[in-house]
Amino acid sequence: MIEDYALHKGLSRIRIVLIETSHPGNIGSVARAMKNMGLSQLVLVSPKEFPSQVASVRASSAADVLNSAKVVDSLDEAIKDAKLVVGASARLRKVSWPQLDVRETAQMALSTVEEGDVALVFGREDSGLSNAELDKCHYLAHIPTNPAYSSLNLGAAVQVFAYECLMATDIERQYSKGYRHKLASSEQLEGFYDHLYQALQDIEFLDPAKNARFMRRMRRLFNRAQLDVKEIDILRGVLTAAQRQVNKNHNEV
């Protein structure tokens, strides 16, 4: 049964996040797609209309998923405490992101749920995810489609990801069984990026006016590494030591 997958295979820890969904029917379609494949966590960031009778009708027998959906005001709230955040996007960006296909996304998600929740983030129907929102994602995931007609509606896109997540529960995972520190949370990563941004200015390496894309590239680098909590502590310790030395040198002048 699907409930057994969710209970024993970690599907219940995979969070579907929808940003500013404009049509409530799409929310209902997503709830139905999730229920089909054993997913249950639905988070809505500033939906245009919710709750909605249209959403309820479209959800069909997935009322439990729809009724338990959490509504929040920001993406930060939606991905709070997530160990892995993957943004689904139909278009490429000027700064290339670490990319996964849908199957790789599902396999990584299932290997990460032992550490905590995984968030799969979907943008607006008309414009998708902004670059600022994608900055908060560790990976970009893309569904290959017919180049002549590449548009997928929101429910269909979620269905593809949810299906692969369900299939991944039966795939033998080849990951180390040795001791691992817990992966850094989204909040811990954001704290590190804020610290890095300030430290690079303190040591006069970074001029924000001339390096508009620099921090985006830094996020790309460190997100690819999937930092754990110990690595975050080490890196922030290095930054603090560099800042302390700069302050000491200034005081001695």
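This is a predicted model: local features need pLDDT of at least 70, side-chain atom pairs count only at pLDDT 80 or more; totals for chains, interfaces and linings use all residues.
Before I turn to the sheet, a word on terms: two strands are said to pair if DSSP finds at least two bridges between them, and helices (H or I, at least four residues) and strands (E, at least two) are DSSP runs numbered from the N terminus. With that in place, strand 2 and strand 3 (residues 70-72) run parallel and are joined by 3 bridges, and within this pairing Val45 has Val72 as its bridge partner.

Residues are numbered from 1 along each chain as its sequence is written, and side-chain values use heavy atoms, with hydrogens and water left out.

As an overview, the protein comes to 11 helices and 7 strands, and of its 253 residues, 46% count as buried, where buried means under 20% relative accessible area, exposed means over 50%, and partly exposed lies in between, with a 1.4 Å probe and protein chains only. Taking contact to mean heavy atoms within 4.5 Å, among the contacts between residues at least 6 apart in sequence, 85% join residues at least 24 apart.

Let me return to strand 2, residues 41-45, of which 4 of the 5 residues are buried, so the strand is largely enclosed by the rest of the structure. On its other pairing, strand 1 (residues 14-19) runs parallel to strand 2 and is joined to it by 5 bridges, with Val17 standing opposite Val43. Strand 1, helix 2 (residues 24-37) and strand 2 together make a right-handed β-α-β unit, right-handed here meaning that, with the strands pointing away from the viewer, the path from the first strand over the helix to the second runs clockwise.

What about the helix in that unit? Helix 2 has 14 residues, which at 1.5 Å a residue should span 20 Å, and its end C-alpha atoms are 21 Å apart, which agrees; the expected span is 1.5 Å times one less than the number of residues. Helix 2 is mostly covered, with 10 of its 14 residues buried, and these include Ile27, Val30 and Met34. Asn26, also in helix 2, is buried as well, with a relative accessible area of 16%, and, leaving aside neighbours within four places in sequence, Asn26 is in contact with Thr21, Glu125 and Leu154. Just after the helix, Gly38 takes a positive phi of about 90 degrees.

Now to the interior, for which a nonpolar core is a set of buried Ala, Val, Leu, Ile, Met, Phe, Trp, Tyr and Cys residues joined through side-chain atoms within 4.5 Å. The largest such core has 42 residues, and those with the most contacts inside it are Ile14, Ile16, Leu18, Leu42, Leu120 and Phe122. The largest share of this core, 8 residues, comes from helix 8 (residues 154-168). Apart from it lies another core, of 17 residues, among them Val43, Leu75, Ala78 and Val121. Which residues does Leu42 touch, if those up to four places away in sequence are not counted? They are Ile16, Leu18, Ile27, Val30, Met34, Val65, Ala69 and Lys70.

Finally, the aromatic rings. Rings of Phe, Tyr and Trp (its six-membered ring) pair if their centres lie within 6.5 Å, and planes under 30 degrees apart count as stacked, over 60 as edge-to-face and the rest as tilted. The structure holds 4 aromatic pairs. In one of them, the rings of Phe122 and Phe161 have their centres 5.4 Å apart and their planes at 85 degrees, so the pair is edge-to-face. Phe122 lies in strand 6 (residues 118-122) and Phe161 in helix 8, so this pair ties together parts that are 39 residues apart in sequence; Phe122 and Phe161 are both buried.

Phe192 and Phe222 also form an edge-to-face pair, at 5.0 Å centre to centre and with 85 degrees between the planes. Phe192 lies in helix 9 (residues 186-202) and Phe222 in helix 10 (residues 214-225), so here the parts tied together are 30 residues apart in sequence. Both of these residues are buried, and ring pairs link Phe192, Tyr193 and Phe222 into a cluster. As for what covers the buried residues of helix 9, strand 4 (84-88), helix 10 and helix 11 (229-252) are included.
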